[in-house]
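Visitor: Please take a close look at the aromatic rings of this model and their surroundings.

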Amino acid sequence: MWLLRAPARLRRPLAASCGLRGGPSRAQEQLKSEGKPQKQICQVVLDHFEKQYTKELGEAWSTVREVLTSPLCWQYAVLLNKFSYSSELENNLHLKGYHLFQETLPYLPESLKCYISRTPGRFPAQKHQIGKLKKYYLLNAASLLSVLALEIKDGERVLDMCAAPGGKSIAMLQCAWPGHLHCNEYDGLRSKWLKQTLESFIPEPLMNLITLSELDGRQIGDLHPELYDKVLLDAPCSNDRSWLFSSDIQQATLRLIQRKELSALQVQLLRSAIKALCPGGSVIYSTCTLSKAENSDVISHILNSCSNVLPVDISELASVVSDEFSLVAGVQPHELLVLPAKGKAWGPMYVAKLKKT
């Protein structure tokens, strides 16, 4: 694994893994056994979201708000690591009521095995052990949609532009064997987290196909023009789940003030991602926020200002996952937006696909 470093740092809003499923019974018992206090809602953030999302989502916001403000309803999916497969683990998941994501998505790569459950409760996390690969990764099932929409093929050159904490990179490597995978994370602390994640899931020989860097994503397009077949830009965003439970009110207030600047950064990153693409290559833009300004407005800006970019229809993907996810109706064919719902507490997750001509 190669490591490239940049001297400066761009502090990305801390991204909690969007989605932990737990019910009032098992989840409360788990919190008690672990000695963890229940999360407290940050009222200044909730008031801000209430005003914005009531306007943008209408009646749907009340249900979304109920799920987002109830951590005991959040869900995790269990992504198995094909490089450290355990039949015992898979049997255990079946016994606990989990079922394969593939049961509703028959065209998924056979090597990607992700288990989900609507039953309250959280599967235990694994600790990092040097020299030992983990058997599974806990993540928001909606996070897989950006990886699936990218449709990675064996041998392709792939860039994960804002890769920490590494779940999507892990998922990519479950789907295919890229000729080269470049995992970039500008923030130094998050880059260390990314490196540890990769080392925990990927065998050493395969790590030689991975480049880990700490470059400013806005510069990658100029540094590596037309190099990649596929680019995933899981952009820095106003992470709705995380922000709702900010413990520092002053920090939360500052975040809300700076929130207006995020869309400009996202546009710059997406322009860089497009520059880094080979002609004919595709980019996935994703966020874990409901904000229109950070989602469809960013894509519209790019489509209206870049003559060499076209939207790619992902409505078929949206259709086949609609049984497992609550999706916003009436969006453009090149995008989808997952809304957290009762029993389907995945998201928020916005995904859009573009192609360079």
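Guide: R241 lies over the face of W74, 4.6 Å from the ring centre; a charge counts as sitting over a ring if NZ of Lys or CZ of Arg is within 6 Å of the ring centre and within 35 degrees of the ring normal. The model is predicted, so local features need pLDDT of at least 70 and side-chain atom pairs count only at pLDDT 80 or more, while totals for chains, interfaces and linings use all residues. Residues are numbered from 1 along each chain as its sequence is written, and side-chain values use heavy atoms, with hydrogens and water left out.

Turning to ring pairs, the structure holds 9 aromatic pairs. Rings of Phe, Tyr and Trp (its six-membered ring) pair if their centres lie within 6.5 Å; planes under 30 degrees apart are stacked, over 60 edge-to-face, and the rest tilted. One of these pairs is F83 with W177, edge-to-face at 5.8 Å centre to centre and 80° between the planes. Because F83 lies in the loop between β2 (77-80) and α4 (87-95) and W177 in the loop between α6 (167-175) and β7 (180-184), the pair ties together parts 94 residues apart in sequence. Here helices (H or I, at least four residues) and strands (E, at least two) are DSSP runs, numbered from the N terminus. F83 is buried, at 18% relative accessible area, whereas W177 is partly exposed, at 43%; buried means under 20%, exposed over 50%, and partly exposed in between (1.4 Å probe, protein chains only).

F123 and Y136 also pair edge-to-face, at 5.2 Å and 75°, and both are buried. Finally, ring pairs link F49, Y53 and W61 into a cluster.
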